[in-house]
Amino acid sequence: MQNTAPLNWRRFPERYLLRGSYCETCKQAFFPSRAICPNCRRKGKLISIEMPRTGKIISYTRVHVPPEGFKNEAPYYLAIIELENGAKVLSQIVDSDPEKIKIGAKVKKVFRRIAEPDEYGTITYGYKFKVVE
Amino acid sequence: MRVVIVGAGITKFAEHWNKSFRELIVEAAVKAIESSGLKGEQIEAIYGGCMASGRLIGQEHIGALIADQLGLNPIPSTRCEAACASGGVALRTAYLAIKSGLHSIVAVGGVEKMTELSTQAVSFALGGAGDQEIELFHGATFPSLYALLARAHMHAYGTTEEQMASVAVKNHANALLNPNAQFHKEITIEDVMNSAYVAEPIKLLDCSPITDGAAALILASEDKAKELGLKGVEILASEQASDTLALSSRESLTELKATRIAAQKAYERAGIRPSDIDFAEVHDCFTIAEILAIEDLGFFKKGEGGLASEKGKTSLKGKIPINPSGGLKAKGHPVGATGVAQAVEAYMQLMGLADKRQVKNARIGLTHNVGGSGATAVVTIYKRFKG
């Protein structure tokens, strides 16, 4: 099995702080970080920024058949969220009234454990989102 | 230089407990060679589509394995991987090899052996088609990614779960007429609607199955086909496009842009319009995927794919028959084989060999093969070859 600790460690800024990229040339934000701007390529000037912590749901689903590591959470909600700067992120929606999980609903970032510990015992943490009442 | 498919072969799509990966690809390849009337030593190169053999059976180096098992060493043999579009990419790469003028007879294969692991382990292997680090990591599965597309389509256009169900019902009906299909079972809208949710709004009977199988083609240059008096089906165009691996990075959730771009380029190269297509094999890994495909390929206006499916416009006797083979949904979906199997169906239809599922007056056909949730799309257009 893959030792997942180094991968998770590398991803701390993204998963803990929602850190991504912003291109000063085309003024577009990207999440997660990119090494090169897909619009401007070498003419782009990427800087690292923290993403806004709020956004809105643009699509969602309720997962009944979970992958490895998510059995204890199923069924759970997943959504694609458009953050306030236009960058998009796929995340779980937690701690929310199912009636309020809808396209257009406002959500904010929360910090949670992501999945059950893997075979290496690595416990992963990061962002999830909840509906803003 | 025109490129002609001069032979095609396919195994039964099934849970093959008694056949290995290598036996499946050899069976399909031998059928293809026999249908072409050629001899093995006339083949100059092999391109094989296979998505996840490393995860599924612990075997990589599939190109060499295929050449070895077919007794075709030492010709070059190359594996093509683009998730579920591996077969389509293998076909296109073989087409390019002939177009380039370097080769005049090339074999194309596609194969996957998926049923020897638990569903959970297969799901993990297939998850490799998506963005592991930023989407699968957060609990996404393939049904859930397509569920996100389905929900967005329902919201934008009023597409219903019953309309999606009608795709599954139609493809199961077509598969009843295909002896090589995995499922020979008629289903109803109620069956689909009553099946359990996998990821809302996608239910179990909206999903394609886990399948073992292989398919193969023999391609020849026009000159070689004429010289040897070979009949077949001409490839008018084969185009491929790429998009972001992460679904969340897409510009739109109501289309697969890679499909739309590949299709536009393919129609342009072939010099035809969507209305010239007599039938299509499209990538219906989930029922919503067929609805997206028939819109993105230009057969129906954006947003009207669900209604068109419900109204029977895509049935075998409809305005444009979609997935006469039964599609991925009911013929089965051995991922690396699928793109090649679609081309085998196009060949059968255009040669008039499709028996009970024959599309009447089929002159021009199209195949559409997607990798993951649309990060790769291959669109290929075919016409009967008249030497």
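Strand β3 of chain A, which spans residues 46–50, is hardly covered, for among its 5 residues the count of buried ones is 0. A residue is called buried if 20 or more other C-beta atoms lie within 10 Å of its own, exposed if 12 or fewer do, and partly exposed in between, with the C-beta atoms placed from the backbone. The strands and helices named here are DSSP runs numbered from the N terminus, a helix being H or I over at least four residues and a strand being E over at least two.

This is a predicted model, in which local features need a pLDDT of at least 70 and side-chain atom pairs count only at pLDDT 80 or more, while totals for chains, interfaces and linings use all residues. Residues are numbered from 1 along each chain as its sequence is written, and chains are lettered from A and ligands numbered from 1 in the order in which they are written.

**Strand pairing in chain A**

Two strands are said to pair if DSSP finds at least two bridges between them.

| Strand | Partner | Sense and bridges |
|---|---|---|
| β1(A), residues 19–23 | β3(A) | antiparallel, 5 bridges |
| β4(A), residues 54–63 | β7(A), residues 106–113 | antiparallel, 3 bridges |
| β4(A) | β5(A), residues 76–83 | antiparallel, 8 bridges |

A:C23 stands opposite A:L46 in β3(A), while A:G55 stands opposite A:V107 in β7(A) and A:I57 stands opposite A:I81 in β5(A).

**Chain A as a whole**

Chain A holds 2 helices and 8 strands, and from the N terminus on its elements run α-α-β-β-β-β-β-β-β-β. Its C-alpha atoms fill a box of roughly 45 × 40 × 20 Å, taken along the principal axes, and buried residues make up 35% of the 133 residues in the chain. Two residues are in contact if their C-beta atoms, placed from the backbone, lie within 7 Å; of the contacts in chain A with a separation of 6 or more, 51% are between residues 24 or more positions apart.

**A glycine in chain B**

In chain B, B:G88 is found in helix α4, which covers residues 86–99. B:G88 counts as buried because 32 other C-beta atoms lie within 10 Å. Leaving aside its neighbours within four places in sequence, B:G88 is in contact with B:G339, B:N369, B:V378 and B:T380. The C-alpha atoms of B:G88 and B:T376 are separated by 9.7 Å, although these residues are 288 residues apart along the chain.
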